[in-house]
Amino acid sequence: MTSKLFPGEPNKAMVIRKVTPEITTFSVPFSRFGLFKFGGRGTLVKLSTGSLAIISPVALTPEVQDIVATEGGKVKYIVAPDIEHHLHVSSWRNAFPDARIIAPEGLYEKRQKSSDYTDSPFEHVLTRAKKHTDRISEEFHADFEVEYMDGHGNREIVLLHKPTGTLIEADLLFNMPATEQYSRSEESATAGVLNKLFMPLLTATANPPTWHRRLAWYAFSKPDRDSFTESIRRIYIWNFDRIIPCHGDVIEKGGKEVFARVFDWFLTGKQKI
């Protein structure tokens with residue numbers, strides 16, 4: 001797929017925000033096919049040990065490098081949260097060669113098919129067979145719960161930052177339109193007929209989120225609905241209130257209730273629509 005990554009220069013369009021003392025987000029305009037304005041977001045988390053984890057890395061601009069330096073500069077984990085969110089992994093790895101890459105199975109092989117990437121094997125590859133037994137490191141799991149959703153079409157890695165009760169995910173849940181991500185862009189997040197029609201269907205905070213439920217049921221979980229359901233139920237028992245999605249606005253509070261509404265059919269076992 002082709003993507004128009006940035007309608008403007010990354011350093012001019014990026015919104016850098018301190019969400020909590022431990023978490024900084026880098027929100028950017030991002031569109032599929034230059035039409036669908038999904039927005040993009042990288043999330044930098046400072047662990048209790050002082051190490052840094054970047055989840056769904058975005059362009060490593062001078063401003064982003066300054067934030068990393070301010071937070072201590074020790075990037076130890078680079079998380080590609082699914083097989084689609086990986087475009088800037090190499091630039092972060094080149095800048096922080098001691099960092100470990102965490103990625104889902106299949107991503108390394110996907111990247112090897114392109115001459116754009118010259119990766120060495122990733123340090124931590126999450127697999128279906130060992131998704132609940134593999135350990136990344138003691139410091140990582142001290143701060144994060146991890147659920148590898150092999151049943152999701154994009155093979156999602158969903159994280160809970162336990163100290164702040166923040167769920168961090170890529171393509172599991174959308175909260176459109178991407179208002180924050182386009183707020184410094186010359187374009188509106190809702191510009192164009194397709195965005196006006198399509199983006200309201202992917203508003204997680206809608207009540208009820210009918211179309212988001214359908215998307216999760218009929219598309220996201222299609223590869224393995226039983227495994228997808230198991231993962232949703234495991235995530236739901238986590239203690240979170242905030243959700244940071246890669247696409248759309250951050251859900252600052254009430255995130256667990258939003259999650260329950262979007263994934264109601266999986267949690268209750270009752271498809272109603």
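**Aromatic cluster, strands and pockets in a predicted model**

W217, F228, Y236, F240, F259, F263, W265 and F266 form one aromatic cluster. The model is a predicted one, in which local features need pLDDT of at least 70, side-chain atom pairs count only at pLDDT 80 or more, and totals for chains, interfaces and linings use all residues. Residues are numbered from 1 along each chain as its sequence is written, and side-chain values use heavy atoms, with hydrogens and water left out.

The structure holds 14 aromatic pairs. Rings of Phe, Tyr and Trp (its six-membered ring) pair if their centres lie within 6.5 Å; planes under 30 degrees apart count as stacked, over 60 as edge-to-face and the rest as tilted. One of the pairs is Y236 with F259, which is stacked, at 6.4 Å centre to centre and 10° between the planes. This pair links distant parts of the chain, since Y236 is in helix α8 (residues 225-236) and F259 is in helix α9 (residues 255-262), 23 residues apart. Helices (H or I, at least four residues) and strands (E, at least two) are DSSP runs, numbered from the N terminus. F259 also pairs with F263: the ring centres are 4.7 Å apart and the planes are at 50°, so this pair is tilted.

The members of these two pairs can also be described by their accessibility. Buried means under 20% relative accessible area, exposed over 50%, and partly exposed in between (1.4 Å probe, protein chains only). Y236 counts as partly exposed because its relative accessibility is 32%. F259 counts as buried because its relative accessibility is 1%. F263 is buried as well.

Elsewhere, strand β8 (residues 75-79) is mostly covered, with four of its five residues buried. Two strands pair if DSSP finds at least two bridges between them. Strand β7 (residues 52-55) runs parallel to β8, and four bridges join the two. Within this pairing, I54 has I78 of β8 as its bridge partner. On the other pairing of β8, three bridges join β8 to strand β9 (residues 100-104), again in parallel. Here V79 has I102 of β9 as its bridge partner.

β7, helix α2 (residues 62-70) and β8 make a right-handed β-α-β unit. From β8 the chain crosses through helix α3 (residues 89-95) to β9, and this β-α-β crossover is right-handed. A crossover is right-handed if, with the strands pointing away from the viewer, the path from the first strand over the helix to the second runs clockwise.

Strands β2 (residues 15-18) and β3 (residues 23-28) run antiparallel and are joined by four bridges. The bridge partner of V15 is S27 in β3. Four residues lie between β2 and β3, which form a hairpin.

On a 1 Å grid over the protein atoms alone, a cavity is a set of points where a 1.4 Å probe fits but cannot get out, and a pocket is an open set with protein on both sides within 12 Å along at least five of seven lines; lining residues have an atom within 4 Å of a point. Grid points are joined across faces, edges and corners, and a volume is the space filled by probe spheres set on the points.

The second largest pocket has about 280 Å³ of space. It is lined by 16 residues, and those closest to its centre are K131, H132, D134, H141 and V146. Strand β11 (residues 144-149) gives the most to this lining, with three residues. By class, the lining of the second largest pocket has six nonpolar, four polar and six charged residues. Ala, Val, Leu, Ile, Met, Phe, Trp, Tyr, Cys and Pro count as nonpolar, Asp, Glu, Lys and Arg as charged, and the others, Gly among them, as polar.

The structure holds one cavity of 30 Å³ or more. The largest cavity has a volume of about 30 Å³, and its lining consists of I55, P81, I157, L159, I168, E169, A170 and C246. Seven of these lining residues are nonpolar, none is polar and one is charged.

Some backbone details remain. A cis peptide bond joins M176 and P177, with omega about 0°, and P177 is in the loop between β13 (166-168) and α6 (193-198). Another cis peptide bond joins N207 and P208, with omega about 5°. S56, in the loop between β7 and α2, has a positive phi of about 55° although it is not a glycine.
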